[in-house]
Amino acid sequence: MPIIQLPDGSKRQYDEAVTAATIASDIGPGLAKAALAAKVDGLDWDLNRPIETDCLLQLITAKDSEAALELVRHDCAHIMAEAVLELYPGTQVTIGPAIENGFYYDFHREDPFSTEDLASIEARMHEIVDRDELITRGVWTRDEAVAFYKEKNEPFKVELVESIPAEETVSFYTQGDFIDLCRGPHLVSTGKAGHAFKLMKVAGAYWRGDSNRPMLQRIYGTAWLSEKELKNYLTMLEEAEKRDHRKLGRQLDFFHLQEEAAGSVFWHPRGWTLYREIEDYMRRRLDNAHYSEVKTPQLVDRSLWEASGHWDKFGENMFTAETNEDRTLALKPMNCPGHVQIYRQGVKSYRDLPLRMAEFGSCHRNEPSGALHGIMRVRAFTQDDAHIFCTEDQINSESVAFCHLLQEIYADFGFTDIRVKFSDRPEVRAGDDETWDKAEKALADATKAAELETTLNPGEGAFYGPKLEFVLRDAIGRDWQCGTLQVDFVLPERLDAEYVAEDGNRHRPVMLHRAILGSLERWIGILIEQYSGRMPVWLSPVQLVIASITDSSNDYAKEVYEAALAAGLRAELDTRNEKIGYKIREHSTAKIPFILAVGGREEEARTVAIRQLGSDGQQVLGVEEAVSMLCDAATPPDLKQDRA
RNA sequence: GCUGCUAUAGCUCCAGCGGUAGAGCGCACCCUUGGUAAGGGUGAGGUCGCGUGUUCGAAUCACGCUAGCAGCACCA
């Protein structure tokens, strides 16, 4: 005789087991229609699953959009699997969860699915929704489930079920002729899933995410509660495509990539100007934060990589070169061993610490071919790398200072939504617990002092120490992991770095590995996408174009151009034999922040007509006034006068 | 690296499915000197990603390779 308590505190009593669906219709026909699933004492519950004991019941409707979406997406996965089995008998089903924005299902089949197959699968899915098949839940013992799938010759499912403890039961869901092992919950019938879904792509995916195991065929779909939301999502994808850095990089003439140097960037003058502007900015920030910049060799004998431990762990991904004297050199994949070599020159005293050694380090890593992606994931890149050699007592203050620096720098580039992942001690690790306690506390305190919230990544720290990972969110909500701060007790030991302490004895320093932008290449890719190619003025490769209206104003245009150059602005002169409308269009498309049009009227009055990107109005200013206004707009954020 | 797809003019793309290819933009030249997102004309430009094979003949068919795209795996 269950007593059902509702979220508003009211209670209902029933004489026998009752379903949430019944309760919903007892409350009202509107709710009965709107209810999609339920939560019983916080547990997911199907509407038609009997409730036998007293509980707290919560009905889920489309208003609980997150829960409702999850239901719809998960149902879509099942509906897709049902459609696939109908169309391609003999296909094996494996797993199919709801994911962000949609769902997928992994199938095993001799002939892979083609993009054309998606259309027919999708059409069949719509049919299944229209059939409005009842979805019913059943329960088996584990062994019944194993027997069922053995009978059906579904080895992947057998493996899944066998990984469940023998004494446990498993639930399964049936809709039409389709049956799938599933934790649930599900909607009442396939009709409830609606039609706001679309199959997106097919791709291979390893069974259980393990590259040593067979590859399955994964079909991805997106699903929403309404056609409108589906449409919005598809529009958003189109927008994201428009700001793709690979496309914009070519359009804006920033860089190109080509087959003969896969994974390395050919920087064009405009892109390189942007790159240098960022490097100059970072150099100023590092100088102000009391870092010393160094440069270490590209090619280093393998013995150093063996000593540092990199050869063992990452040797396969290092580029090597043989010399005619039988030496094996490796292109550096990172800068830390080189920095330790500089540290080790001469005897260091505790008075030298903390010693902050920075490098715009060009590194090469032989990334797997499938990992390459525009300039975001490349084989040759430059890190804004630095290593802080310090004592254990200095970890805290150095970490705090670093977090502050990082936040300011991100803000200067327009990123304020920053998440921090805190990865603490892994199972297998070097160093004693006391040292780990100290290092973890120091890092945690530092993020607190910098007013950064962290989420814990348990056990994900490096074997040599805990780390922070800084993830920023861009204008369209994508996350990018850029900065990092890692505490390292191991490398100083391995490469024999030491300092003389106040007590006159030699001690090991701690090394803090840290980067803010990560890789300059990737950072620029992120910036391009963040700003859709419309870079802030200080970063724009060309800050203004002076365009003459007729060639009788060419000399005056040149005069203005020289004035802009003399003021340190990045200006270009356009005196081509084209109409002003044409020039405006072209430079607007090239996302130049300011266009200065000059004609007879301007020449007469010694003025310029300024048009700012994104507005169609114009502002007429005297030349000097204009140049000073533009210089102001072009000042890097760290050099602004009003900055504290 | 794995699975699937793709590769045609500088760029964006179409036609071609065994008989050596076309548009728009861009580029060059000429006309035009025009006041805020494309003025007009003419012209040049392609070993159809690379290699091998089949064939009288390959952009087209087969095999191999390379690179790119999507996803998976990887990311010190």
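In this predicted model, aspartate 46 and arginine 137 form a salt bridge in which the closest N and O atoms are 3.7 Å apart. The count of salt bridges between domain 1 and domain 2 is one, and across the same interface three residue pairs, both residues at pLDDT 80 or more, are in polar contact. On the side of domain 1 that touches domain 2, the residues divide into six nonpolar, two polar and four charged.

The domains into which chain A is divided are listed below.

| Domain of chain A | Residues |
|---|---|
| domain 1 | 3-61 |
| domain 2 | 66-240 |
| domain 3 | 251-530 |
| domain 4 | 544-643 |

The C-alpha centres of domain 1 and domain 2 lie 27 Å apart, and the contact between these two domains takes twelve residues from domain 1 and ten residues from domain 2. About 910 Å² is buried between domain 1 and domain 2, with carbon and sulfur atoms giving 60% of that area. Of the area that domain 1 buries against domain 2, Leu36, Asp46 and Arg49 supply 51%, which is more than any other three residues; Asp46 is also the salt-bridge partner of arginine 137.

Turning to aromatic rings, the count comes to 23 aromatic pairs. One of them joins phenylalanine 156 and tryptophan 207 in an edge-to-face arrangement, at 4.9 Å centre to centre and with 75° between the planes. This pair links distant parts of the chain, 51 residues apart, since phenylalanine 156 lies in helix α6 (residues 155-162) and tryptophan 207 in the loop between β12 (197-206) and β13 (215-223).

Notes:
Residues are numbered from 1 along each chain as its sequence is written. Chains are lettered from A and ligands numbered from 1 in the order in which they are written. This is a predicted model: local features need pLDDT of at least 70, side-chain atom pairs count only at pLDDT 80 or more; totals for chains, interfaces and linings use all residues. Side-chain values use heavy atoms; hydrogens and water are left out. Domain bounds come from an automatic or database domain assignment. Contact means heavy atoms within 4.5 Å. Buried area is the accessible area (1.4 Å probe) that two parts lose on being put together, summed over both. A salt bridge is a side-chain nitrogen of Lys or Arg within 4 Å of a carboxyl oxygen of Asp or Glu. A polar contact is a pair of N or O atoms within 3.5 Å; within protein, one must be able to donate a hydrogen and the other to accept it, and residues adjacent in sequence count only if both atoms are side-chain atoms. Ala, Val, Leu, Ile, Met, Phe, Trp, Tyr, Cys and Pro count as nonpolar, Asp, Glu, Lys and Arg as charged, and the others, Gly among them, as polar. Rings of Phe, Tyr and Trp (its six-membered ring) pair if their centres lie within 6.5 Å; planes under 30 degrees apart count as stacked, over 60 as edge-to-face and the rest as tilted. Helices (H or I, at least four residues) and strands (E, at least two) are DSSP runs, numbered from the N terminus.
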